Amino acid sequence: MADEPFQTIIEPFRIHSVEPMRLTTQAERVAALTAAGYNLFELRAEDVLIDLLTDSGTGAMSAEQWAGVQRGNEAYAGSPSFERFRDAVTGLFPFRHVLPTHQGRAAEKILFTVTGGPGRVIPNNTHFDTTRANIEFTGAQAVDLPIPEGLQPALRYPFKGNMDVAGLDRLLAERAGHVPLVMLTVTNNSGGGQPVSLANIRAVREVCDRYGKPLFLDACRFAENAWFIKTGEPGYADVPVAGIVRQMAALADGMTMSAKKDPLANIGGWLALNDDSMAGQCRNLEILTEGFPTYGGLAGRDLEAIAQGLSECIDDDYLRYRVRSIAYLGEALESAGVPVVVPFGGHAVFIDARALLAHLDPLQYPGQALACALYAEGGVRACEIGTVMFGLRPDGTEVPAAMDLVRLAIPRRTYTQSHLDYVIEAVTRVASRAARLPGLRIVSQPRQLRHFTARFAPLH
Ligand code: F0G
């Protein structure tokens, strides 16, 4: 008897322990927002009802991961927890050297301290904020090379996270001597959470080979990316997710990783690479800032949670539910007339704030204005990914970012469908009066990564 597939794709887990949420009044939220200087990073998490600020470190761990926490061995050197971690990593990403770090940006810091510096250029499909900041901190230049389709939020196009291969070729033809390595972010977070196809990774690899450049993956959301390859790229429907991940890894020379995303852990990351001499330099830096290379800024229990999470995040039922729940939110917003980035990505729905708040100039920060309104309306915390995050250049000048998006990032295994129904209602209510939302001006800001600490005031 054939298995009849169900239409309803359920959360493939039972809830094992719960964390109460605090309901707030609109007056309380407006007061909290004002006190926070209209910067949602400054809010107390207890004043947030549904926290979609990030999918990073905010997922729910499984019973087996908590069991791993108990198993954690806290030896300073040579811990068996490190061995389990390393084996889980290399089972998917068979690089010769695996250096644990406390999170992704620590891996970036080490990698770019070794490879960056004034005059250097590091291309990527789209750099995430910390990647860009770590590159620029060394004096190097971070160059984004998304495909043009990736910059059109309303355009339905497969694998919109791909890199512009011809653009990479041009950059290397002109400046190969300045490029220490090429990066590829899977999925392309700042570009709308869009996946990168294996064909694109292969084409990028081919260009790298022609110029003798190593290719590094920023692989935070590798499992979601692999699921899109399995379900959307011809020829991969029957390949297990783990096999697709290994094919992605085989095309690269190394990776940076945040275990706070797809590996389902609350903290952690790693740098992995094949080159022995570069690995030696990286390991020395790791000891300087992260710790001994068998724990690298993590406790043994964290390494266990990551090792177990890596086996859970490549499960078909989990990934089907994960990607479907994002699309459920996106489809509802789209049918309510909210401009969203399509097709829907793996970890978030991105609202096109520049289109929704078309009455505002990008330098009036439409994304930040929308994110603030969502919080005031329903206690939903989202994240601006636009001119606030990317508009300040290292020389202090300000330019509009390529897009002004608001990201509703969905923590893994944390919220249910009714939570998403509430979010849909909150966004729809705000969208109905979007044309009247005031813009913002910046009252104070730091020189780097300003979105975390800048303070704003409404333009009335
Ligand atoms: N690369 C990408 C593509 C990311 O999305 C992030 C983090 C990092 C690197 C850095 O990793 O946070 O462990 O240091 N992104 C989070 C986000 C913060 O909200 O998208 P980390």
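This is a predicted model: local features need pLDDT of at least 70, side-chain atom pairs count only at pLDDT 80 or more; totals for chains, interfaces and linings use all residues.
**Stop 1: the ligand**

Select the ligand and the 17 residues around it; Thr54, Arg105, Asp218, Lys261 and Arg407 come nearest. Sorted by class, this shell holds two nonpolar, eight polar and seven charged residues. Now show helix H4, residues 104-115, which gives the shell three residues, the largest share.

Thr54 has a polar side-chain atom 2.7 Å from an oxygen atom of the ligand. For Arg221, a polar side-chain atom lies 2.9 Å from a ligand oxygen atom. At Arg407, an N or O atom of the side chain is 2.6 Å from an oxygen atom of the ligand. How much of the ligand's accessible area does the protein cover? On its own the ligand has 470 Å² of accessible area, and the protein covers 94% of that.

**Stop 2: the largest pocket**

Select Ser17, Glu19, Ala60, Arg413 and Thr414, which lie nearest the centre of the largest pocket among its 37 lining residues. Helix H2 (63-71) and helix H12 (316-335) are the elements that give two or more residues to this lining. The space in the largest pocket is about 1,300 Å³. Colour its lining by class to find 17 nonpolar, ten polar and ten charged residues.

**Stop 3: the second largest pocket**

Move on to the second largest pocket, with a volume of about 590 Å³. Its lining has 30 residues, and those closest to the centre are Arg132, Asp144, Met389, Phe390 and Arg393. By class, the lining of the second largest pocket has 15 nonpolar, eight polar and seven charged residues.

**Stop 4: the cavity**

The model has one cavity of 30 Å³ or more. The volume of the largest cavity is about 70 Å³. To see its lining, select Asn39, Leu40, Phe41, Leu53, Gln368, Ala371, Ala382, Cys383, Glu384, Met389 and His451. Helix H14 (366-378) and strand E11 (383-385) each supply at least two residues of this lining. Seven of the cavity's lining residues are nonpolar, three are polar and one is charged.

Technical notes:
Residues are numbered from 1 along each chain as its sequence is written. Side-chain values use heavy atoms; hydrogens and water are left out. On a 1 Å grid over the protein atoms alone, a cavity is a set of points where a 1.4 Å probe fits but cannot get out, and a pocket is an open set with protein on both sides within 12 Å along at least five of seven lines; lining residues have an atom within 4 Å of a point. Grid points are joined across faces, edges and corners, and a volume is the space filled by probe spheres set on the points. Helices (H or I, at least four residues) and strands (E, at least two) are DSSP runs, numbered from the N terminus. Ala, Val, Leu, Ile, Met, Phe, Trp, Tyr, Cys and Pro count as nonpolar, Asp, Glu, Lys and Arg as charged, and the others, Gly among them, as polar. A residue is near a molecule or strand if one of its heavy atoms lies within 4 Å of it. A polar contact is a pair of N or O atoms within 3.5 Å; within protein, one must be able to donate a hydrogen and the other to accept it, and residues adjacent in sequence count only if both atoms are side-chain atoms. Accessible areas come from the Shrake-Rupley method with a 1.4 Å probe; for residues, only the protein chains shown count as cover.
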